[in-house]
Amino acid sequence: AVVSTQSTGDHGMTSSGDHGGETHDEITSSLFIYSPSGLGDVQTVEERAIFDPVRVYQTDIVPTLTMLLGVPIPYSSLGSLIPLLFLDGGRVNLQRSLNTNMNQVARYIEAYSLVSSEFSADSIADIKKSVEEINKRFARAPDLYSVELVAEMQRVIGQIRELCSKHWAEFNLPLMTLGIFLMLILSACLLVMPHVISPPWWNTIPAVFICIVALDRMSLWSGATHPVSVFLTIVSTACTLGKPIMTQLGAFKTIADWVLEKTEFCDATAMIIILMMSVGFTTNSYILVEDYVTVFFFGTLILVNWLQEYQVHGFKMVNTTWTLVVLISSRTSAIFFGCREEQFWCSKTWWLGEVAEELKSSIYTLSVAVFTATMYGMYWYQKYQGSLVRLGLLSVHVVLGPIQVILVGVFWALTSSTSDVLSENQLCWLPRLVYLLSLVAVCIVVWNPLTAYLQSSSSSKPLLFGCVSCYSAPTLTLYAALLPSFVLLLRQPLSLTLSLLTLQLIGISRLLTSRSTFFKLAVCHVVMLQYFYATDHQAAVQQFDWNAAFVGFTTHPTHVIPVFMIVLRTLMCGILVTLFAPTILLASRRTPGSQQEVDITASPDNAAQLQYFIQPAVLRARLYDALRITCSLTLFKCAWACLACSLHRRHLMIWNIFTPRMIIEMCFTVCTGATLVCVVFMLHRTDVILHRYLDRLYKKT
């Protein structure tokens, strides 16, 4: 047969024009085929039962067209030939083509079963046995047409299709609904639990992470959920929510009163914005422009904070200045957003594409200057906070930091130059040294995060320095230590975004000193999302920078290192914002300086710098609040992303828009949660070391 025209659709739609569901009108479409020689005649009742002219599968179109064109069937095709189009070529030809089709599908499913455990061994063995028997019968008389043999070939192809559909194309709606419901309940419970009667944060950490992993598995709309995940979900949910639910039943009855009485206007605004962002996941229109909308959301939060600050405390030039700095840096970061193919009006910013020859030197000079200023700014900010009075953290800033800046500048110069001063293998050692210095800095900070320092003096009153921000200083130093490594993973022009991020976070820490923990974490969450886009990522079809895997490496013996570096490249904003979170959470209104001092012979109650040492319960409460609120926000957004996938599970753009959005939310949940646990550990270690140090000092005095 010579097929001259074939017209079909990838899906149907309802009478209202909607599609994406699984109703009959949405999952069926029409197929029109025109051939000048006709489509063949069905001669017997047996053939009519086999060659059903009323219904074909969409997967049948690919093998049919390829066989008619005389090209090989695609390796992963699972469709069957449309028999009517092969009858005019002779029924023997149909039988041969169908045998080729059957063996191709069988080879694929056998190869797939070797690397996956989705299909049972018995079902694969049954398929192999049937294929072998059919091939033997066909080999005996390849030129003899048999209706029964053709029917057996079609049965095997249909058996394989049904087996794959059972695992790949069917949805467990009750399990999906249960997973989303549990995620929403867990998020709400974590959000409304007062920390006074909640379990300690160190008891919540393992349960929350088991919940994240298990609920992630439960909410997979593919339906391929392992029973172990269900068991872990039930157990972890019970462990996490058992006691709080029993003790907090009254809280659910007065949620409205809690929102109205205990929530500030800023907190209510943050809740509404997070809700709007989450609900927006159910429409692809929002996801396509989410990078631009996020800047607006962040600006709204900052302006609402400024208005309330203005009404409560009156006009302050300092707060106004910081507000302008934060808003300008946020708006400036918008010019670094990547371009998506879905937006036909989008064009690449000139410095994100191929930079003209005459601009290369200026871009290099600007990048190095801004990066150097950022590293010095981190040193100045730490010194301004009164934290750099001990050798450990000070050495990271004044010794390791400048070396990293020089290495980054030299690496950028050599990679942008056309001359081969160093070979490719020699050039890889520059990023490796930067990574090594970052690792050394992390070890120094973890080994001795203490910033308190007793100055030796002949005075009768010994003075203690460096206690202004001793709890946030270690994580802020880790931020500065990891910044050069993250800068290398970005392309050189995009490194400016991390400088804007640093400036923005410093401004937020000065602006939100009197705000609640919820508002601070909500702002951090929006900033993290904003800079995810500013570092050239996308909310729909994800754009990964695979070159990040080869910054400092030419080849990889395993996939561990490249995967790790690509993950760091993608999630670096979440890591950096979480490391800066203690500085924002624990910042006080009092303006510190490099010479803040405490008279340790005086009453400790008068030492405002030692408030967390005097009242350790306050620090534990803030850490627990940070953990539960962060988990609540991320799980809430994950639940909505999973809901969007559930609603649009048969949508044309499910793999292009909704599934990537869900994967990104899940990755950010795990990334921020894991980083926050490390931050909590760092703060806990700092608190223990500080207690030991101050106890010894007070015993001596």
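## Helices, cavities and loop residues in a predicted model

Helix α6 (residues 147-168) has 22 residues and reaches 31 Å from its first C-alpha to its last, close to the 32 Å expected at 1.5 Å a residue. The expected span of a helix is 1.5 Å times one less than its number of residues. Helices (H or I, at least four residues) and strands (E, at least two) are DSSP runs, numbered from the N terminus.

This is a predicted model, in which local features need pLDDT of at least 70 and side-chain atom pairs count only at pLDDT 80 or more, while totals for chains, interfaces and linings use all residues. Residues are numbered from 1 along each chain as its sequence is written, and side-chain values use heavy atoms, with hydrogens and water left out.

**The chain as a whole**

The protein chain has 26 helices and five strands. Of its 701 residues, 50% are buried. Buried means under 20% relative accessible area, exposed means over 50%, and partly exposed lies in between (1.4 Å probe, protein chains only). Among contacts with a separation of 6 or more, 78% are accounted for by residues 24 or more positions apart; a contact means heavy atoms within 4.5 Å.

The buried residues of α6 include V147, L149, V150, M153 and Q154. R161 also belongs to the buried residues of α6. The cover over these buried residues includes α2 (45-50), α4 (91-115) and α5 (121-140). An α-helix has 3.6 residues a turn, so residues three or four places apart point the same way.

In helix α3 (residues 61-69), the residues I61, P63, T64 and T66 are buried. They pack against β1 (5-8), β2 (31-34) and α4. Just after α3, G70 takes a positive phi of about 80°.

α22 has 18 residues and reaches 26 Å from its first C-alpha to its last, close to the 26 Å expected at 1.5 Å a residue. It is mostly covered, with 18 of its 18 residues buried.

Two packed helices are described by the angle between their axes and the distance between the axes. Helix α15 (residues 317-333) and helix α22 (residues 517-534) pack at an angle of about 35°, and their axes are 9 Å apart. Axes are lines fitted to C-alpha atoms, for helices over the stretch in contact, and angles run from 0 to 180 degrees between N-to-C directions. On the α15 side the contact has S329, S330 and S333, which meet Q530, Y531 and A534 in α22. The residues of this contact divide into two nonpolar, four polar and no charged. Here Ala, Val, Leu, Ile, Met, Phe, Trp, Tyr, Cys and Pro count as nonpolar, Asp, Glu, Lys and Arg as charged, and the others, Gly among them, as polar.

D536 lies in the loop between α22 and α23 (560-585). Its phi is positive, about 75°, although D536 is not a glycine. With a relative accessible area of 4%, D536 is buried.

N547 is found in the loop between α22 and α23. At 58% relative accessibility, N547 counts as exposed. S285, in helix α13 (residues 284-288), counts as partly exposed at 49% relative accessibility.

| Pair | Separation along the chain | C-alpha to C-alpha distance |
|---|---|---|
| N547 and R569 | 22 residues | 9.9 Å |
| S285 and I657 | 372 residues | 9.9 Å |

**Cavities**

Rolling a probe the size of a water molecule over the atoms shows where empty space is left. On a 1 Å grid over the protein atoms alone, a cavity is a set of points where a 1.4 Å probe fits but cannot get out, and lining residues have an atom within 4 Å of a point. Grid points are joined across faces, edges and corners, and a volume is the space filled by probe spheres set on the points.

The structure holds three cavities of 30 Å³ or more. The lining residues of the largest cavity divide into seven nonpolar, six polar and no charged.

The second largest cavity holds about 80 Å³ of space. Its lining includes A581, P582, L585, R622, L676 and L683. The elements that give two or more residues to this second lining are α23, α25 and α26. Its residues divide into 11 nonpolar, no polar and one charged.

Notes. 1 Å grid on protein atoms, 1.4 Å probe; cavity = no way out; pocket = protein on both sides within 12 Å on 5 of 7 lines; lining within 4 Å.
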